[in-house]
Amino acid sequence: MTKYPRLPRHVAIIMDGNGRWAQKRGQPRYAGHKAGVKSVRTSVEQCAKLGIEVLTLFAFSSENWKRPKKEVRMLMELFMVALKKEVKRLNKNNVRLRIIGDRSAFDPALQKKIAESETATAENTGLVLQIAANYGGRWDITQVARQLAERVKAGELESSQITESMIAETLSFADLPDPDLFIRTGGEQRISNFMLWQTAYTELYFADVLWPDFDAEAFEGALASFRQRQRRFGKTGEQIDQETPENTEE
Ligand code: IPE
Ligand code: IPE
Ligand code: MG
């Protein structure tokens with residue numbers, strides 16, 4: 001039987017379902033966010049072990065500011081605590097941390113901690129862990145539009161010279177491959193303003209399991225689904241079969 005890509009280079013996850021996980025246990029929503037940190041550790045370690053190059057986790061969307069003030073405050077606190085606690089473990093696992101999103105909206109102390117954590121892991125050569133915080137796919141495309149408009153205004157560029165690759169190069173993580181596999185836990189089947197441009201050809205995988213219950217086995221389920229898929233990028237299945245004999249398994 002012909003099989004296709006073995007391992008995604010880049011996995012992107014919407015970690016959803018924390019609030020429901022806690023409510024099911026009669027606990028405040030915050031308890032679910034806290035419990036979700038364990039699943040973050042598990043998926044980071046699994047990606048590092050398997051040799052996946054990039055893991056992007058959606059931690060806080062540009063729309064999540066609309067939540068009750070107390071929940072937003074708790075999430076910011078949790079982010080701060082996690083950065084303080086996890087950097088050692090990231091270094092141990094050779095993981096480079098990067099935060100994507102509009103960080104200017106965060107408290108200055110948190111901004112400082114983000115910068116310090118990035119610096120502390122910058123030399124690591126293994127997995128790149130991207131945390132999307134105050135990130136929105138529309139925000140990302142908008143900041144590209146602004147930058148390119150500035151270049152046109154400065155006379156560096158004609159608008160007719162703007163290409164898809166120029167846009168791609170101006171997005172938040174232009175130096176990394178687009179996600180191959182997108183996972184959303186928590187049962188909803190939507191993108192919720194995660195990476196919009198970069199997921200044009202990403203394989204989508206939706207799991208009912210709530211994020212705090214997303215363990216190594218659940219992750220393996222997503223990877224197994226990915227292995228069954230033929231990525232065609234607009235071509236026919238036959239063309240792909242001929243092009244990628246190295247991906248063929250007897
Ligand atoms: C995802 O879990 C975490 C964040 C959005 C910060 P939710 O908090 O959205 O959990 P549900 O969807 O309400 O269960
Ligand atoms: C998406 O989850 C954002 C994160 C997981 C950080 P939401 O829970 O905010 O998404 P919606 O509102 O259900 O679409
Ligand atoms: Mg949710």
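**View 1. Asp 16 sits in a loop of this predicted model.** The loop runs between strand 1 (10-14) and helix 1 (18-24). Helices (H or I, at least four residues) and strands (E, at least two) are DSSP runs, numbered from the N terminus. Asp 16 counts as buried, because its relative accessibility is 16%. Buried means under 20% relative accessible area, exposed means over 50%, and partly exposed lies in between (1.4 Å probe, protein chains only). Asp 16 touches Arg 184, Thr 185, Gly 186, Glu 188, Leu 210 and Trp 211, leaving out residues up to four places away in sequence. Contact here means heavy atoms within 4.5 Å.

Residues are numbered from 1 along each chain as its sequence is written, while chains are lettered from A and ligands numbered from 1 in the order in which they are written. Local features need pLDDT of at least 70, side-chain atom pairs count only at pLDDT 80 or more, and totals for chains, interfaces and linings use all residues; side-chain values use heavy atoms, with hydrogens and water left out.

**View 2. UniProt lists Asp 16 and Asn 64 under "active site" (unreviewed entry).** These residues are spread over 49 residues of sequence, yet they cluster in space, with a largest C-alpha distance of 12.1 Å. The lining of the largest pocket includes Asp 16 and Asn 64. On a 1 Å grid over the protein atoms alone, a pocket is an open set of points with protein on both sides within 12 Å along at least five of seven lines, and lining residues have an atom within 4 Å of a point. A cavity, by contrast, is a set of points where a 1.4 Å probe fits but cannot get out. UniProt positions are given in the numbering used here, feature names are shortened, and annotations may be inferred rather than shown by experiment.

**View 3. Glu 203 lies in strand 6 (residues 203-206).** UniProt places the feature "binding site" (unreviewed entry) at Asp 16 and Glu 203. Of these residues, the lining of the largest pocket includes Asp 16. Glu 203 has a relative accessible area of 15%, so Glu 203 is buried. Setting aside residues up to four places away in sequence, Glu 203 touches Asp 180, Leu 181, Phe 182, Phe 226, Arg 229 and Arg 231.

**View 4. Helix 3 (residues 69-92) meets helix 4 (residues 108-121).** Two packed helices are described by the angle between their axes and the distance between the axes. Here the axes come within 10 Å and cross at roughly 15 degrees. Helix 3 and helix 4 are therefore roughly parallel to each other. Axes are lines fitted to C-alpha atoms, for helices over the stretch in contact, and angles run from 0 to 180 degrees between N-to-C directions. Angles under 35 degrees count as roughly parallel, over 145 as roughly antiparallel, 65 to 115 as roughly perpendicular and the rest as oblique. The crossing of helix 3 and helix 4 is left-handed. A crossing is left-handed if the near helix is turned anticlockwise from the far one by less than a right angle, and right-handed if clockwise. Among the residues in contact are Met 76, Phe 79 and Leu 83 of helix 3, and Leu 110, Ile 114 and Ser 117 of helix 4.

**View 5. Helix 2 (residues 29-50) packs with helix 3.** Their angle is about 30 degrees, and their axes are 11 Å apart. That makes helix 2 roughly parallel to helix 3. The crossing of helix 2 and helix 3 is right-handed. Residues that meet include His 33, Val 37 and Val 44 in helix 2, and Met 74, Leu 75 and Leu 78 in helix 3. Leu 75 is buried, because its relative accessibility is 13%. Leu 75 touches His 33 and Phe 60, not counting residues up to four places away in sequence.

**View 6. Asn 193 and Phe 233 each have a positive phi without being glycine.** Most residues other than glycine have a negative phi. Phi is about 60 degrees in Asn 193 and near 50 degrees in Phe 233. Asn 193 lies in the loop between strand 5 (181-184) and strand 6. Phe 233 lies in the loop between helix 7 (216-227) and helix 8 (237-243). Asn 193 is buried, at a relative accessible area of 14%. Phe 233 counts as partly exposed, at 47% relative accessibility.
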